[in-house]
Amino acid sequence: MASYYHRISNRPMCNDTIPGRLGKFAKANPNKEAIVYYDNKHQRTSITRKQLYDGTEQFAKALVKQGIKKGDRIALCVSNCVEWMVYDSGIMMAGGCSVRLWAGQADFLPMLEDCVAVILDSDPTFYNLLQKEAKISEDGTAVSGSFPKLRLAINVSKTKSPIKGLSLQKMIEQVKQDKSITLPLMEAEDITIISQTSGTTGKPKRVTHSSFDIINASEVYCKELGLTENDGFFNERYFGFGGSYPLSFIATGLKYVSADICSLNAPKDFTKLNEILKNEGCKKIALMPSDLHFCPEKENMMDFVMIAGDMTSLDNIKRGLSCSILIDHFMATAETLIIGHKSFTKDNVDSYVPGIIGRPFPDVEVKLVDDNNTIVDIGEEGYLCVRAVWCSKVTADGESILDKGWFKTTDICKMTEDKEIILYGKDVDFITKSARRVSSRFVEKHVSGSPDVDDVVVVPIPDEVHGSKICACVIMKNGKTFDEKSIFQFCHENMPQPNNFDNISSTPDYFLEFNKFPKLGNGKVDRCLMKTTAIARLIKKSKHFC
């Protein structure tokens, strides 16, 4: 039987634009809160549907007044706040394309390519880097040899700062009484968003999407999970990053709640989070998989926790279920928006296996193929390919990324007889050691079984003889001492060993202790930096013993 599945629904496609959807929400219930945000001092701010739409329209007119034309790309580098969506949707309403950046991301400056304007707030991180590439004047004029199209910098900060740029307040004052400004006609399938991928596997990509993509994918997800406009949904991550964009608000009009990510994660503070959830009546939230480890054992604190990104362990899922009725394990890529999911409760939690994706969402077509793009049989490993109407169609440079509508991911998966998908890792997660391909996730799963190890990340180390060797970077449990020989012995005794002629073992060749793992802006482990750090430490270690 072939590894192929297509779940068809009868849901009609929506042809709204995102600003158009905001207008409908404002008309239906103008005073309903749309976005709520808690800053690093735990101060609450909010914006209603009407304020959000009116602000969007006003900002769009201000951009048009500054000469923004349909198709212009505008870099949005603004921290989470209730006005973030005003700026993002205002760019769209002005006919522009919102290039979503975050200073905590990987190498983000290349995202400025072809941008005519940049929007900044009081965070100096991005601005300081930008100053090395562009000269910015107080009136907002920008000149850059690296980015020749860049001509305008807008400062939306509400506080005094050394950051230069055209003041948002001045822009708004110029258009308040101007009745002559005409906004361009928008189509649902216009490319209005360019997002940067995390750079988990190397150089970040620039992924394009339209309003049509965003609205239809988010509506399918919310319908599948039963989210409605009467819910409150919490997500602390950066609005401009993939699944952290207020998709559930766009789909249903529910109240979307966020908070300063640093104040909740230094370390993870569930006391503050629980206070926010109680204040807002939020029982449905999104967390990083690693956050489940810190969940308090408080039964029914939440109805629903959505996790996505890195794989997690059965123990973490069980810990999450100590405070939530349901954990939904969700998979997506920047290009596909949604792929599949599986929900776990205390009744079925023992069916969880690391990497489980579950069945595809309605209207998502999937297949697994080999290196020759031939569909593999059920139970065999293959590359995950996805086809859906909301998949990204082209790169930021206009090149097609689809083959007959299919997007081929770098994810290596298997499909079960029940048509559930299990992720084993990306193709770059496999370490080629001599003639054998070893799954990093497979090794991590077994090393994490050590009673002394709290967390593990496996990286490849270049080797002249074998091509690569395996290094396990570990964080020890509280009170446990790092003992390389002891962990090696555990792995040797508990990991399945090869029985073929080359006898290349999956047991790590090296072990290194870490206090914590470096993270990317999306919360995932920065494996590229981990590899660089591990190589440097092993070189230093080898010189020490020479």
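Author: Domain bounds here come from an automatic or database domain assignment, and on that basis the protein is divided into domain 1 (4-10 + 212-427), domain 2 (18-186) and domain 3 (434-544). The model is a predicted one, in which local features need pLDDT of at least 70 and side-chain atom pairs count only at pLDDT 80 or more, while totals for chains, interfaces and linings use all residues. Residues are numbered from 1 along each chain as its sequence is written, and side-chain values use heavy atoms, with hydrogens and water left out.

Taken over C-alpha atoms, the centres of domain 1 and domain 2 are separated by 28 Å. Their contact (heavy atoms within 4.5 Å) takes 32 residues from domain 1 and 31 residues from domain 2. About 2700 Å² is buried between domain 1 and domain 2, with carbon and sulfur atoms giving 57% of that area; buried area is the accessible area (1.4 Å probe) that two parts lose on being put together, summed over both.

Between domain 1 and domain 2 the count is three salt bridges, each being a side-chain nitrogen of Lys or Arg within 4 Å of a carboxyl oxygen of Asp or Glu. R44 forms a salt bridge with E280, where the closest N and O atoms are 2.6 Å apart.

On the side of domain 1 that touches domain 2, at least two residues each are supplied by α6 (211-225), α7 (247-252), β14 (255-259) and α9 (270-280), where helices (H or I, at least four residues) and strands (E, at least two) are DSSP runs, numbered from the N terminus.
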